[in-house]
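Hi everyone, thanks for coming. Let me put the structure up on the screen, and then we can walk through a few parts of it together.

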Amino acid sequence: MSYLRNRAGLVVTIIGLAIVAFLLGDIINYGTPFWMKNQNQVGSVNGESIDYQQFNAQVEQTTAMYQQQMGGAGSPQIRNYAVQQVWNQFVSQELLKQEIEKIGLSVSKDELNSLVTGANPSPQIVQAFTNPETGMFDKNQLNTFISQVNTQGTPEMQHQWNMLLENIRNERLNQKYSNLLSSSVYVTSLEVQEEYSLRNKLANFKYLMLDYSSVKDSEIKLSDADYKAYYDTHKNGFKNPEETRTVEFVLFDATPTANDTAATKSTIEQLKAELTSSKTDSLFAAVNSDTKHPFSYIRKGQVSPALDSVLFNVPVGTTVGPFLSNGAFEIAKVVDAKFSPDSVKASHILLNATAEGGVEKAKAKADSIKALIQQGESFSALAVQFSVDQNSKVNGGDLGTFPRGQMVPEFDEAVFSGKAGDVVVVNSRFGTHIIKIEKQIGNSKIVKAAIVTKNINSGKATTDAAYAKANNFFGDANSKNFAETATKHGLKAQKVDRVIAMDNNFNGVDVPRELVRWAFEAKKGEVTDKIFDTEENFIVARVVDIQPKGLLSLDAVKPHIEAQVRNEVKAKMLTEKLNNALNGASTIDQAAQKLGKTAVSVENIVLANPVLPGVALEPSVVGTAFGLQPNKLSKSVKGTQGVYAVQVTGFVNPAELVASEVNNQKKQMQTTKAQRSWSSIYQALQNKADIDDNRIRFY
């Protein structure tokens, strides 16, 4: 029952089906001006846009799902992650959909019918209509549901069924596309031999290196021509996939001090005394705790480690703590304790009390359904017929096995306090439930505790002092003296080179989204028009540079390629020096002697791992060695750490592959290629696509 689960009892519907449905569905808005539509677009892929309301609905569901998985309240980080996940889903689904349409793949009506009611139905159909009592696919249950949809199905049932059909259709289309990709990948026997040699042929050689560090940086004068030569050679590496900003910022620490911690501890000590004598424990906790904990039975492992280690070992009526946990002090009073099952397997039928004409009428109908079940009627069939929980009814009401705390309190109490085989009727905020307790597993101690948490927050004196520093700096800083003013104030200006629109931190420091939006609206050189704040810092920032989407200019990349350009100039100098030594030499030792150096011997080097032991990864050098005849002296080779010369002393060839080994290797290589094919093709589709990302306007 997807919407009964979470910390307070809410379980969020699995988002994959919903995302596919809204992404691949036809989205038509009549009567909306073109400019207004554009204003409300989160983004588009090759002209196919996504509306903010639809996108945000998925963000809300995904955020709730992450909160359920991670526990605790929502946070800007969780929401930001949800925004990114939904965006990635939209882009990938749209790219795939467009490509499938372009090449003409389709699913016929007969093919879809076969996937639903044929001899080999879709795995989604099998999963949805597996009888929870037998664990087997129940075709009768499927036929009953289809009949219900066709004869007396509600709009909600029709929508749910159509969504499932659409997902099955898309699954088959994706499978066809994947099969096409797999069929286009093959491996020849020659490729197998080359791969085998790449990983198993050994080279023994000597090398002579002139290290770049042997030339002092101060001796190198870089010219514009040097920069341009490097830039022109490496242009493909300077393509900016999206617009970015370089931002300079100063942080003003406003985290709690020792005085703040002491003040919070004093407060929690006073609350402990009051909780110990309290006669209304749940009310006291609700009023005084910064974090609201349900006043219900909990199992071991549901609270912080500090509380968990004592709550189950003290008598009822004991107040424990305070304990310091995750920036907060905690106390708890044990109100009751008993033994209970560890987990329960259950099914339910949910009635909508409003639709039934009120709670009393819903209760009466539930009692009638309960009587039918007790007379031997099939619970799963009744669930398909009556339940409004669309996520469990297709499984005959089966909720699976779950521990205490995943359902709303009323539901939890019913299934954990009853016994296996019971059928009970319970009301909750979601409606009226007819619950069948299938099985109870384990038996452990549980306790009911009133828990009070007090967060250690910065006091007024702490925040006022930090803000005063920020305000003094803000008043003095401008676009021309930002870094100098920071130094003058005894502060350090930090810089983040590539801020993207959906970032939420600068160099690992959490920043408000409002600050990132400002950075993408500001002009180069502008300083923030106000002091921004987070839970731990005040921030003042300046936009240092703007890098547009596409090929970055030489001026934009110049500060970042200085080290590489300097090595290029050094490489020219060292190449000339090495070539002079190689001239007239027949062995690498002779060349080394001219330079007053000693050639280094290495053994058992493989091309698949081109590392020079103790030096670095040097693919150009190792590749040169494998291309030489034994005893032949190479020309100079430019590497990552210096300029080299190589002379091979010998190769050790691996044993020949037999036919069976060739076939096995071919299968392995083909599997690997097929697995990589999708990511490569997706990347190509993404690079070619016209993707417009407007998320920063909304998030």
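**Hairpins, sheets and packing**

When I say helix or strand, I mean DSSP runs numbered from the N terminus, H or I of at least four residues for helices and E of at least two for strands.

Before I go on, two notes on where this comes from. This is a predicted model, in which local features need pLDDT of at least 70 and side-chain atom pairs count only at pLDDT 80 or more, while totals for chains, interfaces and linings use all residues. Residues are numbered from 1 along each chain as its sequence is written, and side-chain values use heavy atoms, with hydrogens and water left out.

Strand E7 (residues 319-325) pairs with E8 in the antiparallel sense over five bridges; two strands pair if DSSP finds at least two bridges between them. Leu324 has Phe329 in E8 as its bridge partner.

A second hairpin is made by E11 and E12, again with two residues between them. Six bridges join these antiparallel strands, and Val424 stands opposite Ile435 in E12. E12 is also joined to E9, by nine bridges and again antiparallel, with Ile349 opposite Ile434.

Now, which residues of helix H17 (residues 409-417) are buried? They are Phe411, Asp412, Ala414, Val415 and Phe416. Buried here means under 20% relative accessible area, exposed is over 50% and partly exposed is in between, with a 1.4 Å probe and protein chains only. The cover over those H17 residues includes strands E8 (328-340), E9 (343-351), E10 (398-403), E11 (423-428) and E12 (431-441). Contact, by the way, means heavy atoms within 4.5 Å.

Next, a different sheet. Four strands form an open sheet in the order E20-E3-E24-E23, with antiparallel pairing. Strands E20 (600-605) and E23 (637-638) stand at the edges with a single partner strand each, so one side of each is left without a neighbour in the sheet. E3 (residues 202-211) is joined to E20 by four bridges, and Phe205 stands opposite Val602 in E20. Helix H22 (residues 562-582) packs on this sheet, touching E3, E23 and strand E24 (642-652), and its direction makes about 55 degrees with that of E24. Helix H24 (residues 619-626) packs on the sheet too, touching E3, E20, E23 and E24, at about 40 degrees to the direction of E24.

How about a pair of helices? The axes of H5 (residues 109-117) and H8 (residues 155-183) come within 11 Å and cross at roughly 110 degrees. Axes are lines fitted to C-alpha atoms, for helices over the stretch in contact, and angles run from 0 to 180 degrees between N-to-C directions. H5 and H8 are therefore roughly perpendicular to each other; angles of 65 to 115 degrees count that way, under 35 as roughly parallel, over 145 as roughly antiparallel and the rest as oblique. On the H5 side, Glu111, Leu112, Leu115 and Val116 meet Trp161, Leu165, Ile168, Arg169, Arg172 and Lys176 in H8.

Last stop: Val543, in strand E18 (residues 537-547). At 0% relative accessibility, Val543 counts as buried. Ala522 is 21 residues away along the chain, and the two C-alpha atoms are separated by 7.1 Å.
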